[in-house]
Structure formats: C-alpha cells, structure tokens
Amino acid sequence: MGVFLDTVPWSGIVRIRDMMFSVENPYRLDQGDVSFDAPESVKAAMARAVAENRTHYLQSTGLPRLRELLAEKMRRKNAIPVGDIDEVLVTNGGIHALYVMFQALLEPGDEVVLPDPVWPPTWGHTIAARATPVFVPLREEIGWRYDVDELRHAVTSKTRAIYLNSPHNPTGGILTRADIEAIADLARERNLWVFSDEAYEDVRFEGEHVSIGSLPGMYERTIPMFTMSKSYAITGVRVGYLSVKDEQVRDRAKKILLYTTSNVCSIAQYGGIGALEGPQDCIDQFTAELRARRDLFYDGIQRLGGIFSGAPPAGAFYAFVRIDPGWRGAAPHASASWAMAEHLIKHGRIGCVPGADFGAAGEGHVRFCFARERKELTGALESMSRLFSTV
Ligand SMILES: Cc1ncc(COP(=O)(O)O)c(C=O)c1O
C-alpha cells in the first residue's frame, strides 16, 4: 500500500485550504462547512456522556442504541427495508463510510461509475480500492442530472458499482424519482451494486429525496450511506453510517471498521443519539436559512455583470457557477477555474474551489459554499464587486 499511495491524488480542496491560511480576514466560501451551531440536544448529550464517564471502548460497529435509532430512521424516513440493527454500521463521518464501503466491495480492476463533476474524495476512494473510475458527465442543462442513456453506455462487463450522490456536491443537482428508477432498472439488469451517498438528503430546496435502496429489490444491491454532519451541523463531531444487507460484504466492512477505528469516538456517538432523540425542527430551520443564503448569494452574483452564471441549485449548499469564458485572469493559466480561484483568493480574500478539481466537466466553473453567515456572504460579494469593478 505504501508506494501505491503515491498514486492516490490529493484533493485540490486541501491545496486551497492551505492557501487560505495565509490570507488575512478571509471569506471562507471554499469549505463545505455550515456556520450553524450544533442543536442543544447534541451538545447536552455529549456533555452528559462526559459527565457520566462514557469514555471507554465500545463495539466497533457502534453503540446499539444509536444503531437502533439509525435503523428506525432509515426505515421511516428513507423507506429502506433495514432489518436487524446488525446491518447498521457507525463510521467516523461520511467520508469514512465511503472508504469502508469501497474497500469492502471492490476488487482491483473493477470499474466504478462516478459522476463528473464529482466530490474528489470519492475519486480518491475508488483509486485507493485499486478500482477504476469511469466518469459520466452530469448535464448542466437538465439541472446537473445524468442522461440515463449515457450512464447505461458507460457500463461494461467490468462495472461493479454505480456511485450516486443526490443531492450532489458540487452542483446541487437532484436526481428525480424517474432517474432513480431508471438507474435501479439498469443495476438489476446488469447485476450492479449501487453506492448511494445521501450526505445532503436534508438540504433540498426543490424536489424530493428518493433513496434508491427503497425501491423493490434494491436494498440487497445498494449500500446507502449517510452522515449527521450536514443535517445537524456537526461536521467536526464525525458521525456517519451505512447499512449493508449482504452478510459477506458486511463482515468485511466490520473488519475495516475494527482495523481503522476500533470504535468511533464514544462522546460523538452519544451526540448522535442526542440528535436523533431530540427535536428534528433544526433540520427545517437550517434549510430555510440556507435557502435565504442561496438567494442572497445568487442575487449578488447576478449583479456582477455576467462574470458568473448558472441556475441556483436544487439542493446541497454550493453555488457551482460558470466563469464568463471571456474573462482573462491576471496571469496566463492553463486552467480558467484555477486562474479564477487564485485571483479571488489573492485579490479578493475569497475562498472558493476551482471546478477543475471536481473533474474535467467542472473546468470553467468555480464552487462557492453559501452555508456561511450572511455577513460573510455579503462581504465576499462586496469584495467581488470591487474586484470586477461593477461598483
Ligand atoms: C458528497 C459528500 N459525501 C460525503 C461527505 C462526507 O461528509 P462527512 O465526512 O463530513 O460526514 C461529504 C462532505 O462534504 C460530501 O460532500
């Protein structure tokens, strides 16, 4: 694994994050983190766990009470027919859930269909599992969704799995029920697995969230994965989870959990119990505020004289906008999106992620996270106005 890791790519998001540390008073629209405080239910549960000395080793798969609540949540909210709590595995955030599922299922040489653009760690996870990513573009003109025929054509005899991420990072596209049904048909026909990354299930401004694992016969071939990071604004607490019906794959996943974490932090898991046992109205409150921030941000960029364009996203909390092809960055640069990102960081103190970092189809775009405080968004917009001389 040692030398092989030299071939696994870093995410450009990390490069940007490092650049941002040298910027004074930055506008941090680069990271996918929400500015909301954690719900009281989570904070109280974690404080109680500390006070009650719940600081010892736990089951590698997670606290039984947490898994019970998660199984119930997936059955009720996602309509996934999760059976025994043994099927539920608690992970160190969603990124670890993805690592676990990719390692548990993939063999060297297997092909995995990924969207382009894609959240970069998924790409890294595919390569780390020694599998081959096969990119299928998401089409901006249809709301950053797949053209399902194109997806069908990308499947070969080597395809082991399709990775779905709806709502999608970075574009905010949401697959419709018809899309999900068509992808489920394809998976059944071609005997494929589906990795279903539902990290943004609660961050929706339009449309419904359909878990592919809820469709007839699909849970058997789907590994649904979720995280509490975005829904409860606890990105640093690190509670993610997945559910695996297949006993052999689950057994392998359990081994990965054991050898990578022993167990997820006990205090974090009690926080997760607090989140699920507590009131759920924070989810709607967060979404309402995110909608207002999305509208504020898009209103602002529309006043920039066409430097950025694109429709507001249906879900997630990113503005993935097209850069005016006529814009010429300060320095000649092979990549317009890197040129723009560097320009915004160096001259506007605005963090953003170049679209090229998300794959070939992302070039010509930049991603801004609008889950930041309104005053941070307003400050960034004012800085852009000065930069592009529209005031
Ligand atoms: C598409 C997607 N999946 C999974 C995750 C993982 O979330 P976390 O590890 O913070 O729980 C993220 C985080 O940004 C994401 O954007």
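## Shell around the ligand

By class, the shell around the ligand comprises three nonpolar, nine polar and one charged residues; Ala, Val, Leu, Ile, Met, Phe, Trp, Tyr, Cys and Pro count as nonpolar, Asp, Glu, Lys and Arg as charged, and the others, Gly among them, as polar. The model is predicted: local features need pLDDT of at least 70, side-chain atom pairs count only at pLDDT 80 or more, and totals for chains, interfaces and linings use all residues. Residues are numbered from 1 along each chain as its sequence is written.

The ligand is surrounded by 13 residues, of which G93, G94, I95, T227 and S229 are the closest; a residue is near a molecule or strand if its C-beta atom, placed from the backbone, lies within 6 Å of it. Helix α4 (residues 93-105) supplies the largest share of this shell, with three residues. Helices (H or I, at least four residues) and strands (E, at least two) are DSSP runs, numbered from the N terminus.

## The eight-stranded sheet

Eight strands form an open sheet with mixed pairing, in the order β1-β8-β7-β6-β5-β2-β3-β4; two strands pair if DSSP finds at least two bridges between them. Because β1 (88-91) and β4 (145-146) stand at the edges with a single partner strand each, one side of each is left without a neighbour in the sheet.

Strands β6 (residues 193-197) and β7 (residues 222-227) run parallel and are joined by four bridges. V194 stands opposite T222 in β7. Helix α7 (residues 177-189) lies across β4, β5 (159-165) and β6, and runs at about 165° to β5. Such angles run from 0 to 180 degrees between N-to-C directions, and axes are lines fitted to C-alpha atoms, for helices over the stretch in contact.

## Packing of helix α4

Two packed helices are described by the angle between their axes and the distance between the axes. Helix α4, which contributes to the ligand shell, packs with helix α9 (residues 247-261) at an angle of about 130°, the axes being 9 Å apart. The two helices α4 and α9 are therefore oblique to each other; angles under 35 degrees count as roughly parallel, over 145 as roughly antiparallel, 65 to 115 as roughly perpendicular and the rest as oblique. The crossing of α4 and α9 is right-handed; a crossing is left-handed if the near helix is turned anticlockwise from the far one by less than a right angle, and right-handed if clockwise. In this pair, V100, M101, Q103, A104 and L105 of α4 meet V249, R252, A253, I256 and L257 of α9, two residues being in contact if their C-beta atoms, placed from the backbone, lie within 7 Å. The contact of α4 with α9 has eight nonpolar, one polar and one charged residues.

Helix α4 also packs with helix α5 (residues 120-128), at an angle of about 30° and with the axes 9 Å apart. This angle makes α4 roughly parallel to α5, and the crossing is right-handed. On the α4 side, I95, L98, Y99 and F102 meet P121, T122, H125 and T126 in α5. The classes in this contact are five nonpolar, three polar and no charged residues. I95 is also listed among the closest residues to the ligand.

## Packing of helices α2 and α10

Helix α2 (residues 40-51) and helix α10 (residues 266-277) pack at about 140°, with their axes 7 Å apart. That angle makes α2 oblique to α10, and α2 passes α10 in a right-handed crossing. Residues of α2 in the contact include V42, A45, M46 and A49, and those of α10 include I267, Y270, G271 and I273. By class, the contact of α2 with α10 has 10 nonpolar, four polar and one charged residues.

## The four-stranded sheet

A further open sheet has four strands in the order β9-β10-β12-β11, with antiparallel pairing. Its edges are β9 (308-309) and β11 (353-354), each with a single partner strand, so one side of each is left without a neighbour in the sheet. Five bridges join β10 (residues 318-323) to β12 (residues 365-369), and these strands run antiparallel. The bridge partner of V321 in β12 is V366.

## Backbone geometry in the loops

Most residues other than glycine have a negative phi, and most peptide bonds are trans. The peptide bond from D116 to P117 is cis, with omega near 5°; P117 lies in the loop between β2 (111-116) and α5. Another cis peptide bond joins S166 and P167, with omega about -10°, and P167 lies in the loop between β5 and α7.

R130, a residue other than glycine, has a positive phi near 60°. R130 is found in the loop between α5 and β3 (132-139).
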